[in-house]
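Please walk me through this structure, with its salt bridges as the guide. Keep it brisk.

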There are 2 protein chains.
Amino acid sequence: MTRKTRQEMLTETRAKLVSAARQAFGTIGYADTSMDDLTASVGLTRGALYHHFGDKKGLLAEVVKQIDAEMDEKLATISTEAENAWEGFVCRCRAYLAMALEPEIQRIVLRDAPSILGNAYWQSSQSQCLATMAETLRQLMEDGMIVKTDHEALARLLNGGLADTAFWLANSDAPEADLSKALQSLTALLNGLLLTKEPLK
Amino acid sequence: MTRKTRQEMLTETRAKLVSAARQAFGTIGYADTSMDDLTASVGLTRGALYHHFGDKKGLLAEVVKQIDAEMDEKLATISTEAENAWEGFVCRCRAYLAMALEPEIQRIVLRDAPSILGNAYWQSSQSQCLATMAETLRQLMEDGMIVKTDHEALARLLNGGLADTAFWLANSDAPEADLSKALQSLTALLNGLLLTKEPLK
DNA sequence: TGGATTGACATACGTCGCGTATGTTTTTAT
DNA sequence: ATAAAAACATACGCGACGTATGTCAATCCA
């Protein structure tokens with residue numbers, strides 16, 4: 001049973017570090033998080049950190065990876081619960097906007113990560129969320145529901161717009177009012193892609 | 001004439017620091033730019049830096065402010081050169097995408113600034129570019145050319161999408177091909193907003 | 001016009017945080 | 001059972017930021 005203990009300790013250590021980092025990065029931010037304090041808060045030293053993740057950026061990358069996977073999973077369940085593909089896509093966009101409003105996601109994934117890890121990190125299939133959205137769009141085009149263009153580029157346009165809108169909403173003086181405005185504009189934008197004569201309200 | 005000399009030295013010192021910072025931030029990035037090296041490169045020390053801009057962030061804010069003003073000015077001339085308001089808006093979006101592809105803008109304004117200065121910096125009328133775009137949309141709505149929604153939210157959606165698309169293009173393996181894809185998808189998205197029966201190709 | 005004052009820097013210093021290099025202990029492999 | 005490797009801890013050097021203080025020239029005022 002010692003064998004299992006070894007592995008458990010291993011993964012537990014990694015999990016503790018990632019969890020603590022996620023908490024710290026999401027609140028005080030990446031730059032202001034001391035690796036000394038971070039590791040000490042879970043009863044370790046920087047030695048463990050650099051052994052497992054290479055450097056501070058490596059830890060951030062791991063946190064981002066975890067969050068991205070969670071987001072993609074949640075969005076997947078949401079979009080599949082809808083009655084049809086188009087509804088699912090619209091719900092997915094709205095859900096993404098809601099998630100992008102969470103301080104943790106906003107700070108870590110949308111603000112610090114691009115600056116620290118570089119945009120190359122989001123390239124191709126690095127971001128599950130983005131890849132899934134592009135695939136969904138491709139399907140909708142194939143089914144003739146929306147206008148035919150490059151699905152990857154369109155996914156970027158929509159995804160980036162939602163993220164930026166979330167930034168706007170996060171600092172809004174009237175969050176609930178601006179949120180409804182955002183959802184309204186989003187609907188207008190998405191309906192513009194529809195090929196059917198009767199867009200849903 | 002000594003009076004003028006005093007002022008000239010003042011503004012010249014600030015200009016030199018901002019210029020050097022813009023160069024350094026745009027190439028090696030904000031985090032990797034040493035204020036010692038930066039000030040030394042223009043024959044000064046950190047004393048001058050902290051005297052004029054308070055801290056490192058203050059210098060970045062000044063650089064961002066300058067770039068944003070330049071972008072807004074360029075975009076303004078571009079959009080007014082078009083034959084009609086809608087054409088002007090479309091050209092403006094395309095021009096913004098092109099500008100967002102410049103490494104300096106991408107690195108400083110779109111990547112580092114949000115992380116370092118926070119999103120609050122872009123709030124309301126902090127970003128001239130964004131404010132102008134929102135106003136343009138408002139006009140188009142008032143003229144009945146595009147669908148009526150909240151112009152500010154729509155500006156966010158489009159602006160953010162363009163910025164994110166620029167990130168994608170910057171790391172593309174086939175930049176020219178992907179750029180045409182992006183422009184095509186952008187056209188599709190914008191045409192969806194049009195209320196007229198005959199969208200332009 | 002000459003001394004006082006303010007502004008525009010330079011210099012010196014302390015502190016913090018990262019990364020690396022080097023142990024040390026425990027587990028795994030043979 | 002011993003060698004090897006993993007999983008950390010410890011110690012060190014280095015650079016960078018911010019602040020506190022000093023200095024010199026320009027401006028202002030009597």
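**Salt bridges and their surroundings**

In this predicted model, the side chains of B:Arg107 and B:Asp112 form a salt bridge, with N and O 3.6 Å apart. A salt bridge here is a side-chain nitrogen of Lys or Arg within 4 Å of a carboxyl oxygen of Asp or Glu. B:Arg107 is partly exposed, at a relative accessible area of 21%. B:Asp112 is buried, at 4%. Buried means under 20% relative accessible area, exposed over 50%, and partly exposed in between (1.4 Å probe, protein chains only). In chain A, salt bridges with shared partners link A:Arg22, A:Glu70 and A:Glu104 into one network.

The whole structure holds 22 salt bridges over all chains. One of them joins the side chains of A:Asp150 and B:Lys181, at 3.8 Å from N to O. This pair crosses between chains. A:Asp150 sits in the loop between α7 (128–142) and α8 (151–170) of chain A, while B:Lys181 belongs to helix α9 (residues 175–191) of chain B. Helices (H or I, at least four residues) and strands (E, at least two) are DSSP runs, numbered from the N terminus. A:Asp150 is buried, with a relative accessible area of 12%. B:Lys181 is partly exposed, at 31%.

A:Asp164 and B:Arg156 also form a salt bridge, their closest N and O atoms 3.7 Å apart. This pair crosses between chains too, from helix α8 of chain A to helix α8 (residues 151–170) of chain B. Both A:Asp164 and B:Arg156 are buried.

Now turn to A:Asp178. It lies in helix α9 (residues 175–191) of chain A. Is A:Asp178 buried or exposed? A:Asp178 is buried, with a relative accessible area of 12%. Its side chain makes a polar contact with the side chain of A:Ser172, at 2.4 Å. A polar contact is a pair of N or O atoms within 3.5 Å; within protein, one must be able to donate a hydrogen and the other to accept it, and residues adjacent in sequence count only if both atoms are side-chain atoms. Neighbours within four places in sequence aside, A:Asp178 is in contact (heavy atoms within 4.5 Å) with A:Trp168, A:Leu169 and A:Ser172.

One annotation remains. An unreviewed UniProt entry lists residues 34–53 of chain A as "DNA-binding region". UniProt positions follow the numbering used here, feature names are shortened, and annotations may be inferred rather than shown by experiment. In the model, this span is 70% helix and 0% strand, and its end C-alpha atoms lie 15 Å apart.

Residues are numbered from 1 along each chain as its sequence is written, and chains are lettered from A and ligands numbered from 1 in the order in which they are written. Local features need pLDDT of at least 70, side-chain atom pairs count only at pLDDT 80 or more, and totals for chains, interfaces and linings use all residues, while side-chain values use heavy atoms, with hydrogens and water left out.
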